[in-house]
Amino acid sequence: MGEDVEALKRRLPLLEYLRQYNWVGQPVGRSEFVGLCPLHEETRPSFYVNTRKDVFYCHGCGQGGDLIRFIQLSRHLSFRQSLACLDTQATLVDDSSAVLEKAADFYQQQLDHYPEAMRYLNQRGLYDPALIGEFEIGYAPGGSLRRHLTAQGYSFDLLRQVGLINVNGSDAFYQRIVFPLRQGEHIVNLYGRSIGTAFAHRFLPGTKGGLYAWEKVRHCPEVILVEGLFDYAVLRQAGFYNVTCSLGTHLNADQFLELCDGPRTVYLTFDVDANQSGQQAAVQLALRLSARGITARRVLLPQGHDPNSFFVEGGNTQQFQSLVEAAQP
Ligand SMILES: [Zn+2]
């Protein structure tokens, strides 16, 4: 029994469990996070999670222990009931991650079979097969994913829960370029860019995770932040390695904390659009970053451009580099 409990806890770390319930923790030190206590009402954070020991402690209400203890306290369950609850949750997380992996594989296999998909990538300035492979880009033609996955034994309920299938049973992604979004090893979501007339951007329900491919740039003293994956892709193709993407101008708590996890300069390269929304978001974000001691600079692209259109319409690496060097506080 003791060993089973330990094995079960390893399947779902406490921090991951808490995040699924939208708990937000600020990093303190190497392996600790602090946030508001989910077990008692408070306005100042006193709930600590130690990720190395996989335990919590609240200085407000004095409760502490492992994830099973947390489930007992938060859901008012017995030890045995908490184990069962954790087992169900861990299984759902494992299954979701596995089915997203299969879906991403399937979409990747489709890419070569649909010339319109490759045509779209080329239109958006993306040519390099090595990068297309590295980003695990795929194509969702629509109408064939459900059959493919159920044939492999995945239940309709699971596909629904993950959001790959709509309520009416059809594929959620139709005629979309698909980028898997990973957090660590696991795919946590898929981004689908319509190549047709449908609403341009779609995600599956649930978290978008942290910044895109953050582990590749987290040690860079200077990081270029863009809002779209096609911006990211063309910058990488143009030879900029220190790029990451927030998948929109509004950063979630994890993404913001990632940018703040060490001293660095962040080059905010959001769209320069007529309604100024990209630049307003950049100004706000720059202020929030500065308040955390992070140097923020705004890269000003020509009017009406984002990094993607800048390169698609003939901009080159050197020109973009000059814009980065001219970035404003
Ligand atoms: Zn508490």
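This is a predicted model: local features need pLDDT of at least 70, side-chain atom pairs count only at pLDDT 80 or more; totals for chains, interfaces and linings use all residues.
**His76**

His76 is exposed: I find 9 other C-beta atoms within 10 Å. The cut-off for exposed is 12 or fewer, so His76 qualifies. I then placed His76 along the chain. His76 sits in the loop between α3 (67-75) and α4 (79-110). Its phi is positive, about 55°, although His76 is not a glycine. I noted the background rule: most residues other than glycine have a negative phi.

**Ala213**

I looked up another non-glycine residue with a positive phi. Ala213 has a phi of about 50°. Ala213 lies in the loop between β9 and α9 (214-217). Is Ala213 exposed, partly exposed or buried? I get 17 C-beta neighbours inside 10 Å, so Ala213 counts as partly exposed.

**Domains**

Next I took the domain division. The protein chain splits into domain 1 (2-76), domain 2 (98-203) and domain 3 (214-325). I checked the pair formed by domain 2 and domain 3. Their centres, taken over C-alpha atoms, are 25 Å apart. How many residues of domain 2 are in contact with domain 3? Eight residues of domain 2 are in contact with 10 residues of domain 3. I sorted the domain 2 side of that contact by residue class. Five of these residues are nonpolar, one is polar and two are charged.

**Sheet β1 to β5**

I traced an open sheet of five strands. The order is β1-β2-β3-β4-β5, and the pairing is antiparallel. The edges are β1 (26-27) and β5 (64-65), each of which pairs on one side only. Inside the sheet I followed β2 (residues 32-35) to β3 (residues 47-50). Four bridges join β2 and β3, which run antiparallel. Glu32 stands opposite Asn50 in β3.

**Sheet β6 to β9**

I traced an open sheet of four strands. Its order is β6-β7-β8-β9, again with antiparallel pairing. Why is one side of β6 and of β9 left without a neighbour in the sheet? β6 (138-140) and β9 (201-203) stand at the edges with a single partner strand each, so one side of each has no neighbour there. I also took the angle between neighbouring strands of this sheet. On average they are turned by 35° against each other, direction ignored. The pairing of β7 and β8 is antiparallel and covers eight bridges. Arg176 has Ser194 in β8 as its bridge partner.

**Strand β10**

I moved on to domain 3 (214-325). Strand β10 (residues 222-226) is mostly covered, with four of its five residues buried. I looked up its partners. Five bridges join β10 to β12 (residues 265-269), and the two run parallel. Three bridges join β10 to β11 (residues 243-245), also in parallel. I checked Val226 for both pairings. In β12 its bridge partner is Thr269. In β11 Val226 stands opposite Cys245.

**Helix α10**

β10, helix α10 (residues 229-237) and β11 make a right-handed β-α-β unit. Is α10 largely enclosed or open? Eight of the nine residues of α10 are buried, so the rest of the structure largely encloses this helix. I listed the buried residues: Leu229, Phe230, Asp231, Tyr232, Ala233, Val234, Leu235 and Arg236. Asp231 and Arg236 are thus on the buried list, and both belong to the charged class. What covers these buried residues? The cover includes α6 (129-134), β7 (176-183), β8 (186-194), β10, β11 and α13 (307-312). Just after α10, Gly239 takes a positive phi of about 100°.

**Gln280**

Gln280 lies in helix α12 (residues 277-291). Is Gln280 buried or exposed? I count 12 other C-beta atoms within 10 Å, and Gln280 is exposed. The limit is 12 or fewer, so a count of 12 still falls inside it. I also checked Gln280 against Phe270. The two are 10 residues apart in sequence. In space they are 9.5 Å apart, C-alpha to C-alpha.

Technical notes: Residues are numbered from 1 along each chain as its sequence is written. Domain bounds come from an automatic or database domain assignment. Two residues are in contact if their C-beta atoms, placed from the backbone, lie within 7 Å. A residue is buried if 20 or more other C-beta atoms lie within 10 Å of its own, exposed if 12 or fewer, and partly exposed in between; C-beta atoms are placed from the backbone. Two strands pair if DSSP finds at least two bridges between them. A crossover is right-handed if, with the strands pointing away from the viewer, the path from the first strand over the helix to the second runs clockwise. Axes are lines fitted to C-alpha atoms, for helices over the stretch in contact, and angles run from 0 to 180 degrees between N-to-C directions.
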